[in-house]
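Open the model in your viewer and get ready to click along. We will go from one stop to the next, selecting a few residues each time.

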Amino acid sequence: QVQLVESGGGLVQPGGSLRLSCAASGFTLDYYAIGWFRQAPGKEREGVSCISSSDGSTYYADSVKGRFTISRDNAKNTVYLQMNSLKPEDTAVYYCAADLSRTFRLCVLLRAFFGSWGQGTQVTVSS
């Protein structure tokens with residue numbers, strides 16, 4: 001059974017850091033493109049970052065470039081999102097997602113690209 005489980009969210013002050021984890025089960029994570037998305041109250045779900053399974057290339061939304069880093073630990077079948085210099089506007093529920101339609105392909109930071117989703121983890125940036 002395919003499952004994605006996010007963890008690591010919480011409350012952090014502006015300028016602080018968090019590391020989100022996305023633990024995969026039921027499939028080998030490094031064969032497939034993985035993405036991180038977020039959804040703030042009253043807003044559309046938006047792409048944050050993704051990592052390709054073909055060559056490990058990574059992509060970031062302009063709003064998080066230079067602050068967030070996506071990485072993958074194949075031994076743990078887990079993808080991480082390191083978030084630094086957090087801002088109040090980063091407050092959202094963060095979701096990880098997998099494209100299980102094909103192996104070894106470049107990721108595309110679009111919601112429609114990904115068919116499997118986790119349940120989300122809340123990140124709140126506030127003083």
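Start by selecting Cys22: in this predicted model, Cys22 is buried, with a relative accessible area of 0%. Because its relative accessible area is also 0%, Cys96 counts as buried too. Show both side chains and you will find a disulfide joining Cys22 to Cys96, with an S to S distance of 2.0 Å. The torsion about this S-S bond is about 60°, so the disulfide is right-handed. Cys22 sits in strand S3 and Cys96 in strand S9, 74 residues apart.

Next, select Cys50 and Cys107, whose sulfur atoms lie 2.1 Å apart in a disulfide. This link is right-handed as well, with 70° about the S-S bond. Cys50 is in strand S5 and Cys107 is in the loop between S9 and strand S10, so the pair ties together parts that are 57 residues apart in sequence. Both Cys50 and Cys107 are buried.

Now move to strand S8, residues 78-83, where 5 of the 6 residues are buried. Which strands pair with S8? On one stop, look at S3, which pairs with S8 in the antiparallel sense over 6 bridges; here Ala23 has Thr78 as its bridge partner. Then look at S7, also antiparallel to S8 over 6 bridges, with Thr69 opposite Gln82. Between S7 and S8, the hairpin has 4 residues, and Asn77 takes a positive phi near 55°.

Finally, select Phe27, Trp36, Phe68, Leu81, Met83 and Tyr94: in the largest nonpolar core, of 28 residues, they touch the most other members. A second, separate core of 7 residues includes Ala33, Phe37, Cys50 and Cys107.

Terms used: Residues are numbered from 1 along each chain as its sequence is written. This is a predicted model: local features need pLDDT of at least 70, side-chain atom pairs count only at pLDDT 80 or more; totals for chains, interfaces and linings use all residues. Side-chain values use heavy atoms; hydrogens and water are left out. Buried means under 20% relative accessible area, exposed over 50%, partly exposed in between (1.4 Å probe, protein chains only). Helices (H or I, at least four residues) and strands (E, at least two) are DSSP runs, numbered from the N terminus. Two strands pair if DSSP finds at least two bridges between them. A nonpolar core is a set of buried Ala, Val, Leu, Ile, Met, Phe, Trp, Tyr and Cys residues joined through side-chain atoms within 4.5 Å. A disulfide is a pair of cysteine sulfur atoms within 2.5 Å.
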